[in-house]
Number of protein chains: 2
Amino acid sequence: MHDKSFPTDRRTLLKGAAAGAMLLTPGAALAKAGDREAIRKAAEAGYQDSVRRIQDWIKLPSIAAENLNMQEGADYMMRLARDAGFQHVEKVPTAGHPGVFATLDAGAKRWMGIYFMYDVKQFDPKEWSSPPLEARIVDKEGWGKAIMGRGAVNQKGPEGAFLAALHAFKAAGRKLPVNLVLVAEGEEEIGSPHFTQVVRRPDVLAALKKCEGVVIPTGWQSRDGSTDVNLGAKGVVELELVASGEKWGRGPAKDIHSSQKAIVDSPAWRLVAALQTLVSPDGNTPMIDGFFDNVRPLSARERQLIAANAAATNPEDVKRALGIKAFIGDEPWLKTQERLASQPTVNIEGLVSGYTGPGGKTILPGRAVAKIDMRLVPNQTRDEIVGKLRAHLDKRGFQDVEVNVSGGYDPTETAENSRIIRAQQAVYTRSGVEHTLYPRLAGSWPGFVFTSAPVSLPAGQFGLGHGSGAHAPDEYYVIESSNPKVQGLVGATMSFVDFLYEMASIK
Amino acid sequence: MHDKSFPTDRRTLLKGAAAGAMLLTPGAALAKAGDREAIRKAAEAGYQDSVRRIQDWIKLPSIAAENLNMQEGADYMMRLARDAGFQHVEKVPTAGHPGVFATLDAGAKRWMGIYFMYDVKQFDPKEWSSPPLEARIVDKEGWGKAIMGRGAVNQKGPEGAFLAALHAFKAAGRKLPVNLVLVAEGEEEIGSPHFTQVVRRPDVLAALKKCEGVVIPTGWQSRDGSTDVNLGAKGVVELELVASGEKWGRGPAKDIHSSQKAIVDSPAWRLVAALQTLVSPDGNTPMIDGFFDNVRPLSARERQLIAANAAATNPEDVKRALGIKAFIGDEPWLKTQERLASQPTVNIEGLVSGYTGPGGKTILPGRAVAKIDMRLVPNQTRDEIVGKLRAHLDKRGFQDVEVNVSGGYDPTETAENSRIIRAQQAVYTRSGVEHTLYPRLAGSWPGFVFTSAPVSLPAGQFGLGHGSGAHAPDEYYVIESSNPKVQGLVGATMSFVDFLYEMASIK
């Protein structure tokens with residue numbers, strides 16, 4: 001679900017190939033010069049260990065949707081935290097799969113929160129050019145050496161780079177400049193249905209409340225080295241709409257022969273009838289009653305940021321990257337970019353009914369399913385929208401059409417003047433990394449867990465480095481960059497080192 | 001596609017459990033008494049060989065949709081024909097998979113056509129209680145010993161019983177009372193797309209033109225021993241409706257991340273928009289422009305036959321057998337039965353788009369497919385309806401939505417006073433088998449190939465015996481009946497012997 005970089009990273013889409021290159025200068029040193037140098041040497045010395053740590057982690061896929069390796073994944077996450085120096089490491093049971101809570105008290109003045117996910121997206125090995133659990137090191141044309149495997153960039157690679165930073169501090173004998181609270185979950189890819197149970201547990205909440213903010217490690221550098229600082233993300237709801245003879249009381253309970261269509265109702269046609277009420281005829285505007293009631297229009301500052309983005313990017317590059325020939329409504333590029341940030345959506349992820357193999361099969365299916373995701377913008381909430389969808393269907397006589405929510409969360413917003421946002425900008429700037437301040441990711445991540453009450457902290461993404469293919473085949477994370485503008489694993493590690501120093505000292 | 005007995009045989013549905021039992025008396029002997037007795041002894045002596053012939057055939061599944069064993073299946077069909085006494089046996093190439101043409105000239109006065117299919121429906125072994133290609137002999141509660149396997153009843157069992165009749169004639173040293181023309185195809189289950197190329201080849205056509213009619217061997221006896229004589233069948237068209245970014249020029253060419261829905265059109269929503277124009281909001285009445293133009297209303301005689309059927313059957317039994325709680329519109333039973341025979345349909349066999357596995361996946365699919373079948377009644381034709389569907393979509397701006405027809409054929413009608421219909425009735429009557437004259441199967445079979453020009457012959461189904469589960473798991477064909485009202489393999493074989501004698505002598 002935290003899936004910014006699929007199928008091409010948004011940064012590429014926004015900035016396009018034409019964006020200007022900038023010199024990469026050595027990262028800042030708010031650390032004493034000697035400290036940073038010692039840590040960098042330790043990071044370099046630990047490179048092989050860091051690579052192997054990511055590879056080994058990829059070899060243990062935890063997939064909540066398939067209930068695969070969930071306890072094992074949580075245990076592994078705990079071991080990784082302990083090895084990196086967290087003194088207190090604890091499994092946090094939930095009504096679903098367990099989370100992990102860990103603290104590293106370095107005796108520093110400030111605390112910072114770190115969010116990890118230990119789960120990965122489902123995968124089909126047949127679609128991969130390299131076995132997705134072998135985490136092989138491959139040559140990625142134009143990028144350099146990369147680890148290829150499920151979870152490589154989403155999120156084990158960047159998380160591994162963050163862990164490598166902690167190992168480097170240890171190996172160099174340097175104290176962390178900030179104390180850390182780690183909260184991790186194994187259900188990110190199913191919409192984080194129980195993660196609030198982790199962060200709201202009184203002791204976890206108390207620990208988080210001491211923090212300046214929460215950061216998820218990422219690696220989203222474009223070819224030109226640039227990256228983003230995001231002030232928020234859309235929320236999301238994932239659900240299945242299910243029409244069935246069983247619930248409807250009409251149509252068959254199971255698939256029957258299609259000749260009976262002459263006298264038997266069809267749940268598949270019922271699903272189609274219900275679906276088409278949800279959007280405008282062109283499929284682009286949600287028509288669920290009251291859907292837009294709480295949508296807050298873009299602010300002047302948001303429009304300003306979007307305009308700057310739009311001016312710096314080329315729509316043709318974005319079309320090429322997405323494999324499309326046209327944007328919705330053939331609108332001007334600025335309008336399209338405003339849509340991306342501001343438009344809530346109702347999307348069909350998948351349709352499944354009856355016979356789905358090659359050719360045909362003369363059946364009247366007893367059940368039809370539409371997999372739907374809805375992206376939400378402030379001030380919509382997940383609960384509000386799920387309730388409105390239910391009411392919308394009920395009002396039209398579709399009481400029998402099930403709305404089975406599998407996950408989701410509210411939109412996220414973080415203030416531009418928060419320390420974690422300013423620290424990101426400062427590190428990027430001093431590293432010579434061009435970075436765009438962007439109002440809202442069109443994708444989603446469970447930042448609302450942190451930004452909404454009772455935690456109420458700023459939350460965002462940070463990290464140099466590069467990977468791509470989240471949720472897709474051939475997912476990868478660069479460990480040895482052949483592009484001087486893009487950091488490999490050691491550079492990514494050092495970006496976290498610099499960020500921790502920055503968080504310690506920023507006003 | 002010739003799928004009368006899935007998921008429960010139509011006979012059961014029509015007659016219900018309450019239908020009265022009748023005495024089974026020995027089959028008629030238009031044959032000299034001694035001939036019939038000798039043939040019966042030969043059929044009994046050949047029982048094990050006949051069982052093995054069906055089992056061996058099941059072990060070689062030909063599936064056109066999967067291009068599985070098609071040449072092998074045609075070769076095997078030819079061997080079976082040769083072994084049964086056909087003197088001329090020939091493979092008939094088509095633009096698709098080959099057909100088989102064979103003749104058996106016994107020096108008789110009349111000729112009769114026999115239609116065989118050598119292909120079977122796809123299957124999933126996981127769903128079967130006995131491996132579908134092992135053709136094991138199982139005890140079928142209430143029926144007796146049966147061969148269980150893909151193709152057992154649809155159509156290798158009944159076809160095997162017919163072949164057993166020819167072997168019995170041979171073994172008894174008796175001449176066939178009629179000469180035979182066998183035409184077989186391997187694409188029945190994909191809608192017989194090339195079978196007209198077989199029957200219209202000049203030499204095949206000339207041979208068929210000599211025939212009284214064409215019969216497909218079946219085995220549809222109900223528990224009470226009764227069966228049907230059908231005067232026709234609906235036609236069918238199977239097709240895929242495909243919406244894709246590629247053809248549309250909008251939306252993605254491949255699946256992309258669902259966050260892009262804010263700015264990218266959705267082929268899945270486009271498919272939904274196109275689909276919902278095809279039927280009334282309740283999904284029960286086709287709304288394709290001009291769909292009903294050529295529908296011939298039921299004749300007085302057809303209404304009479306349906307009324308007799310409706311009176312003899314119990315709607316509650318039919319609901320139970322179908323696993324439904326209500327028929328369309330909760331109409332009176334007679335009306336429902338008229339619908340079954342007279343209503344053309346537009347049915348969704350399957351929906352496939354994007355992510356179809358467990359849980360969700362945040363993608364915007366590049367392609368969406370609805371698998372559709374349409375059942376046609378006289379005087380609709382396949383070509384007419386495909387053309388009207390295309391025009392209907394075009395008129396509404398869906399020129400990009402593909403209509404990929406995979407198979408289908410026109411409705412079939414055969415005159416009540418034809419020799420093959422009267423011979424069926426005569427054999428059943430003299431065998432004490434209650435039989436319903438039914439105007440039109442709601443299912444389909446490619447009888448139009450024979451009933452329409454240029455062949456223009458009566459065509460129908462015939463056979464005693466019982467099997468069920470066509471297109472479903474655990475398909476079976478009874479070889480040793482524990483029900484005195486239902487024939488096993490020898491009885492089925494003898495029904496074909498009697499039918500051949502009847503065809504030789506009927507006025």
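**Notebook: helix packing and the A–B contact**

I looked up H10(A) against H12(A) and found a right-handed crossing (left-handed if the near helix is turned anticlockwise from the far one by less than a right angle, right-handed if clockwise). The model is predicted; local features need pLDDT of at least 70, side-chain atom pairs count only at pLDDT 80 or more, and totals for chains, interfaces and linings use all residues. Residues are numbered from 1 along each chain as its sequence is written, and chains are lettered from A and ligands numbered from 1 in the order in which they are written.

I noted the geometry next. H10 (300-312) and H12 (333-342) of chain A pack at about 125°, with axes 9 Å apart. Axes are lines fitted to C-alpha atoms, for helices over the stretch in contact, and angles run from 0 to 180 degrees between N-to-C directions. Helices (H or I, at least four residues) and strands (E, at least two) are DSSP runs, numbered from the N terminus. The angle makes H10(A) oblique to H12(A) (under 35 degrees is roughly parallel, over 145 roughly antiparallel, 65 to 115 roughly perpendicular, the rest oblique).

I then turned to the chain contact. Chain B gives 77 residues and chain A gives 77 (contact: C-beta atoms, placed from the backbone, within 7 Å). On the side of chain B that touches chain A, E12(B) gives the most, with nine residues.

E12 (345-354) of chain A pairs with E12(B) in the antiparallel sense over five bridges (pairing needs at least two DSSP bridges). A:Val352 stands opposite B:Val352 in E12(B).

Note on methods: Contact = placed C-beta atoms within 7 Å.
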